[in-house]
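User: Please take me through this structure, one feature at a time.

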Amino acid sequence: MRDRKPFYWRKVFCKKDSDREREKNGSSGTMNSESDVRNEKLLMTRFEWKLARYIESNEQLHIHLCSYSRCLNHKPIGTFTIVLDRLLQIGRLSLNEVLVDANNKPLPASIEFDIWYHVPDNDSSVLESWSDNRTLDEDQQMLLDVEQNIANLEKSFGYKGGSWSNVMDLMKQKEALPLLQCENSFSFPEATSKEKKKASKIKNSVRNFIRMGKQRSWGSSEKEELLQNITSETFQPPCNTGVTTSGNMSSDELVTSSDEQFHTQKKVNKVKSSILEVQNALRAQDFQVCITIIEGRQLAGLNMDPVVCVQVGDIKKYTSVKESTNCPYYNEVLHSRKLLRSGTVVGSFKIDLRTVYDAPEHQFYHKWALLTDPDDIAGGPKGYLKCDICVIGKGDSIKIPAKVEKDEDDIEGYANLLLPDGVPVERQKARFIVKIYRADGLPKMNSSIVANVRKAFTGELRDLVNPYVQVSFAGLTAKTSVKKYCYAPVWNEQILFYEMFPPLCQRIKIQLRDNNPVNNNVIGTHFIDLKEISNDGEKGFLPTFGPAFIHLYGSTRDYCLIDEHSSLNAGLGEGVSYRGRLLIAIRTEIADSFDVISSEIEIEPAYPITESTYGKTEEFFLFCSIIDGSMIDRKLSEKPLFFEISIGNSGNVIDGRNDSQCTDNSEQSENLFSVISTESEAWQSTTPAMKPMTHDKTYYFLPYWDDKPCMYVRSVWPDYRRRMYNSNIILKLAENLEEGLNEVNHMIESEHADADYKLKSVLENLIAGCNRYVTIVKGASSGSGIGKTKLDKERMKLCHYEMNMMARNSRNLKAIVTKYSLKERFKTAQSYLQKLKNLIEDPQHALPDVFLWLVSNGKRYAYQRISAKDLIFSMVEEENGKYCSKVHTIFLKLPGKKSIGSSGWIIQAKLDVYFWLGLLKHKKYVLNGLPRGYEISNEIRNMERPYSLPPLKIHYSEKYNFEFRAYLYQARSLIGSDASGLSDPFARVIIGEYTRITQVIDETLSPTWDELLVVNNVLLYGTKADIKKDPPAIVIEIFDQDKVGKSEFLGRTIAKPHVKLEEDTYTKPEFPPQLEWYEIHRGTEYAGELLATFELLQVNDSISDFPELPERKDVYIVPMNGMQNTSSVVPVPVGIRPTLAKYRIEVLFWGLRDLKRVHFMAVDKPRVDIECAGNILYSSVIQNAKRNPNFSTPVKFLDLVNTN
């Protein structure tokens, strides 16, 4: 007797109220119809067959949709047929297909089902063991039942118009939606009384879950949280779910195969994320504020003439005056005019633009604003104002909200009040206390000539700054006293604001300013978001901050009358220089703790604090080595240049720290942190000046070669390393989760069969990461570098709680991940990612950011700003900054507004840099991550001594010669820069100091270069293992060639080459490398994709085993002079060239309508050009568009060859 081969099929749901019949070679299964839920059927039916023969590849599976009849035969409605050849290849299919009628026309009904086909070995015992494995015990079967029921219930939440009542109706008819079995399916053993009791308990828990949902409305997050809690309380995930896959692969093997599939893409994504990272900074952007005042109600007073004044910043606009009414109706445009007489303020309402922009659709539509008297906060409402408020940024569109069934005149209804989500109607009175203690490290804010004149007349030299602090909150502004002529002022003052809690204004603006007789200049600005320094959860806390330093950034510290980067001092854009630090504290008190409520801002003296109570100071050591400097702009090639590194004012040799001439009393001096002296041994923060060189005058480079210059800075700062460590652990956890979710999303989109296993693997890694975080934090709870402010303690509690909850929820989520609920579980996992990202940034600063400047001709030209938390060193690997002890590539950019737009697209310099930042006592670990192969000098031997001088250069004696090959095949979806909408693109490939350029392809957005670029004698430094592990980054730039003028930049991408050492063999699977798609970006904008690959081949004197170059072919290329000449290029070899297939594109040209004028002239003879993959299809010319706007030749076609 031949072996019988099991055939297994499971159906999930179908969008019709009907029966399902399944036919397979005479064997069939029929399922009774059930009640319809929103025109969809939620089903759990399984059919299993033991066939006495093998299934042939040409056999078909038929599924019929029938109209059920009790008396007559079932009437066929639709059918679906599938050939089983694909099933035989992979063993498992998941399908969602549309049914067709007898005429093969598609029906609105669709069916979703899974098919498994298991082929055991010839031994009959295999079939029996397979049958035993498929036969689950009652506990595991009940677990599958509950998992699938929960998945089906969650699916019902997504139905349009669906509600819990619909699910209740379904559950009343089928209490637990059992797994149905047909006559041919395997039988399960009879459950014992104990097992039945356990199963009943699980089902009752699910029923209670449904009953609770019926009693109130639920949000998506609440449903998911309750679902996970019930899951964790009722059952644990089984060790074996009994699902058998083709080839008998385990779940671990499936995940491993999936990881191998995405290994190459992960590598590319890591390169892009590390190099193309954008700093999180405020950007200057224009916004349009649209405000419509509709009407007022219940205004306090009689016989009044109300007028509404709207103020945004310093701009005021008014409505018209309505006479003798306390219920005015406006619905009009505001006017910029002045009133003849001032009136009495009836009531006011404040909200910041950030709150409006964060609202749905960036607006509040037909909402009632509650007016209060600013002079009598406790006096209750003074009236209501109905208005529309909208804040529109670049790219935003105005959308009128859909009409809802609610009474807009119901002022007391919560849905009609102008309040953000989560803000209650009844708000409490609160007092916000901002304490200003002191500042230091301030820049000069006046010319030295004035100081010299004053010294000539008075005989004394004073500091060139008169600082004071201005605080703005909820439309109110207050400032401290002015400290005359002092770089390190001490105030010890506090500012009191009275406002409702929670406030509708979420940001506190703190500005350090200079009191100037002509104009008060801004030294630096910092914003504090109340959401980041408070928590509204169950164990929440009121807004609190510090005492802690905030580091201020802005324009460069050199003073000039006209500062082109002055907007950076106001917080509009990324600061390019350190401007000082300010010690402040914020506390919030609810009205229960004080009696007097005032509308005025109060300024009071504050008690000085002992700063050592909140953290001791430590000496930090910053080290930097420039491994390679290239892609330097041609403008900087004439004069020598050097690099400067600084942290705070330490290391700033041009316009750094200013020594204060003012003196404070002894008590105040005791509290000041010590600042490291500016002696020469404290730092060597610049490289030797050197003139750039070039090979082709395209880009310039610095000839560092064997000797890599080093810079170092010693400085003293408060030790708050734990803030940075905490952020780094969460950041790495979020990056790993995001990378895993991106792979899962790719597998879901490609309908990969093992997407659920990959999601489970990602959740397992998340659980391990959360547990690791809790372990590290517990171990470091009493160590050094821990902040001692209230916010530090509350934030640590919050992070600890969130990690524990995330680990538990992830464990529960992993247990209920199924094929049928994969998308819903994936969305839940994405919400975990957002929670992690919200915990990364610590609102209290630890160390100031690090600046790396390129200085030419004594002026700062280009820079890069790196966060200190990305460079900090720790003995625990998870706490290290992502750039610490690593060589990574950075691109220098122009400061201020020059870095925005077309001027910011151009790279000023590309540097391969090694960074290390840590305590001075950890200096012995500085060179641990530097690539080996350098000589051990006396300075390197003495690195273990804290106060020994580090090396000024590192000499590499180990170096290897390589041949670089770039295989550029084609690009697609490039930006059109010509008037025709097309481009004439060519590519530049840059590796180190060398540049190569491809041919020009005319008039296309999808050029096919098919070109191999070769660079000989590429010298790389370090050991072979380090070179293979971390090869140099390759920069590919795409340009549009213009016949007149400079080529226009289209985009840039970065890649890593495949490295072949002399001992490696040039054989598969590693060589030859496969072509890969790289995303092209122009700034932060997506600009297309590039199909290419790159390799580095080590060259030796002996005969090499890598392949010879193909024969050259004649094409047009772009020499360095920018003119096109006929020449020859090397094509991509056959082993790397993609497989091509022929396609034909047919276009039906009808006509043209509503053509706009071109240069004020009417279009009379138009033609349409269609470009695809470098080929252009031209339509016929319409001879007279006014008489007959249709084409004379309607059908044309285009034959092309493309990648298959």
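**A guided look at the structure**

User: Where does Pro 502 lie?
Analyst: Pro 502 lies in the loop between β19 and β20 (507–514). Helices (H or I, at least four residues) and strands (E, at least two) are DSSP runs, numbered from the N terminus. The model is a predicted one, in which local features need pLDDT of at least 70, side-chain atom pairs count only at pLDDT 80 or more, and totals for chains, interfaces and linings use all residues. Residues are numbered from 1 along each chain as its sequence is written, and side-chain values use heavy atoms, without hydrogens and water.

User: Which residue is joined to Pro 502 by a cis peptide bond?
Analyst: Phe 501 is joined to Pro 502 in that way, with omega at about 0°. A cis peptide bond also links Gly 546 and Pro 547, where omega is about 5°. Pro 547 is part of strand β22.

User: What about phi at Tyr 485?
Analyst: Tyr 485 has a positive phi of about 50°, although it is not a glycine. Tyr 485 is located in the loop between β18 (476–479) and β19. Most residues other than glycine have a negative phi, and most peptide bonds are trans.

User: On to the sheet, then. In what order do its 5 strands come?
Analyst: The order is β22-β23-β16-β19-β24, in an open sheet with antiparallel pairing; two strands pair if DSSP finds at least two bridges between them. β22 (545–554) and β24 (602–605) are at the edges with a single partner strand each, so one side of each has no neighbour in the sheet. On average, neighbouring strands of this sheet are turned by 30° against each other, direction ignored.

User: How many bridges join β19 to β24?
Analyst: There are 4 bridges between strand β19 (residues 490–501) and β24, which run antiparallel. Glu 493 has Pro 605 in β24 as its bridge partner.

User: How many salt bridges are there?
Analyst: The count is 38, a salt bridge being a side-chain nitrogen of Lys or Arg within 4 Å of a carboxyl oxygen of Asp or Glu. One of them is formed by Glu 589 and Arg 431, whose closest N and O atoms are 2.4 Å apart. Glu 589 belongs to strand β23 (residues 577–590) and Arg 431 to strand β16 (residues 428–440), so this pair ties together parts that are 158 residues apart in sequence.

User: Now the helices. At what angle do α13 and α15 cross?
Analyst: Helix α13 (residues 721–749) and helix α15 (residues 790–815) cross at roughly 20°, and their axes come within 12 Å. Axes are lines fitted to C-alpha atoms, for helices over the stretch in contact, with angles from 0 to 180 degrees between N-to-C directions. The two helices, α13 and α15, are therefore roughly parallel (under 35 degrees; over 145 is roughly antiparallel, 65 to 115 roughly perpendicular, the rest oblique).

User: Which residues of α13 meet α15?
Analyst: Arg 722, Arg 723, Asn 726, Ser 727, Ile 730 and Leu 733 of α13 meet Asp 792, Arg 795, Met 796, Cys 799 and Met 803 of α15, contact meaning heavy atoms within 4.5 Å.

User: And how are α14 and α15 placed?
Analyst: The axes of helix α14 (residues 755–779) and α15 come within 9 Å and cross at roughly 150°. α14 and α15 are therefore roughly antiparallel to each other. Among the contact residues are Leu 763, Ile 767 and Val 774 of α14, together with Met 803, Ala 807 and Leu 813 of α15.
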